Amino acid sequence: MATTEGGTAGIWPGAEPGPGRRARTRRAVTAAALLAAVAALSLAAGCSSGRGGPGDVPGHSAGRSPSPTASPRHTGPVLAVKIDNVVPARPQAGLNAADIVYAEQVEGGLSRLMAVYATKLPPVVGPVRSARESDLELLRQFDHPVLAFSGAQSKLLPLIDAAPVKAESADSDPGAYFRGGDKVPPHDLFLRPARLLASPPGAEALTTGFRYGPAPAGGRAETSRTVRYPSARFTFTWSAQRHGWQVAMDGTPTVTTDGGRVTPATVVVQHVKVRRSSLHDVLGNYTPYTETVGSGKAEVLRDGRVYDVTWKRPGAADGTSLTAANGTPVNLARGQVWVVLTGD
């Protein structure tokens, strides 16, 4: 079975919108009307739309009520983008703007990223590549997220259509994508996020179950951690100056197209079961399926220290809790979070 990676050629910067523009305009008008109604109700009730203080917990499980101190309900879905991560695809665009970056294993032991945007939208993200079956399970924690991807295997497409996601591929919405830069196909497909979302939904849309706040007690000092896949590796090195973990992939420092060094505030190394799915690519390589529902061990890297925790996600619609050995929740540092899903 062939894997559709590239999708439609799309448009170059500055070109006229594609045929999907009218549908997006209708969606934008509808969204604007809904937002106006919500604003009117909020004013009538005397509600405040401001964010809460430092003690707030922006991440909560999908389908559950936010924390009493959290900001009002989010204004729309998050945007999740599948990002190419082989050497010819680097440097990538828009990684530093993501709230959460998931690293997952794909065929051949290589890695791929899924960047989730809720608090801001960069002008461009990419290169964009294809979706995988386990992405649908991972995305169930969000409220009907928008999934941007280049294509998928033919047997996966009906599953994507049936999933509670808003699929916006390069084929279905070519006006949001373009080919450009100095990369060669299929590593040259980029997304303009503003053509899929009118505005970022806000931190309350990050229904991951993660908690943010002061560092927990304990832990051990550690300045570097490497996670290995069969044909890829991630190294995170603590930078006190930047107060984050500088990322290197396959031995090379990770920078974005604008030259920025990728430095998340927190890294979660989540040990999961990676099994073979029933789908494979045109070469017969079976797609790994990364199970993110269940429980297991993890390490939380923050503030130059490592904390051994247990992760738990009871169901696909739930977020993931991280707890210490005594059962207390473990807070993440505020800022970007990388979650490396590993079968080790």
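How many bridges pair E13 with strand E19 (residues 337–342), and in which sense, parallel or antiparallel? The legends below take up this and other close-up views of a predicted model, in which local features need pLDDT of at least 70, side-chain atom pairs count only at pLDDT 80 or more, and totals for chains, interfaces and linings use all residues. Residues are numbered from 1 along each chain as its sequence is written, and side-chain values use heavy atoms, with hydrogens and water left out.

**View 1. Strand E13 and its partners.** E13 and E19 pair in the parallel sense over six bridges, where two strands count as paired if DSSP finds at least two bridges between them, and where strands (E, at least two residues) are DSSP runs numbered from the N terminus. Within this pairing, Gln270 stands opposite Leu341 in E19. Strand E16 (residues 294–302) runs antiparallel to E13 and is joined to it by five bridges, with Arg302 in E16 as the bridge partner of Thr266. Of the six residues of E13 (residues 266–271), five are buried, a term that means under 20% relative accessible area, with a 1.4 Å probe and protein chains only.

**View 2. Strand E1 and its two faces.** All five residues of strand E1 (residues 79–83) are buried, so this strand is largely enclosed by the rest of the structure. In a regular strand the side chains alternate between the two faces of the sheet. On one side of E1 lie Leu79, Val81 and Ile83, on the other Ala80 and Lys82, and both faces are covered. E1 is joined by five bridges to the antiparallel strand E3 (residues 111–117), in which Ala115 is the bridge partner of Val81. With strand E4 (residues 146–149), E1 pairs in the parallel sense over three bridges, and there Leu147 is the bridge partner of Ala80.

**View 3. Aromatic pairs.** The structure holds six aromatic pairs, counted when the ring centres of Phe, Tyr or Trp (its six-membered ring) lie within 6.5 Å, with planes under 30 degrees apart called stacked, over 60 edge-to-face and the rest tilted. One of them is the stacked pair of Phe178 and Phe190, at 5.8 Å centre to centre and 25° between the planes. Phe178 lies in strand E6 (residues 177–179) and Phe190 in strand E7 (residues 189–191), so the pair ties together parts that are twelve residues apart in sequence. The rings of Tyr229 and Phe234 have centres 5.7 Å apart and planes at 75°, so this pair is edge-to-face.

Technical notes
Buried means under 20% relative accessible area, exposed over 50%, partly exposed in between (1.4 Å probe, protein chains only). Helices (H or I, at least four residues) and strands (E, at least two) are DSSP runs, numbered from the N terminus.
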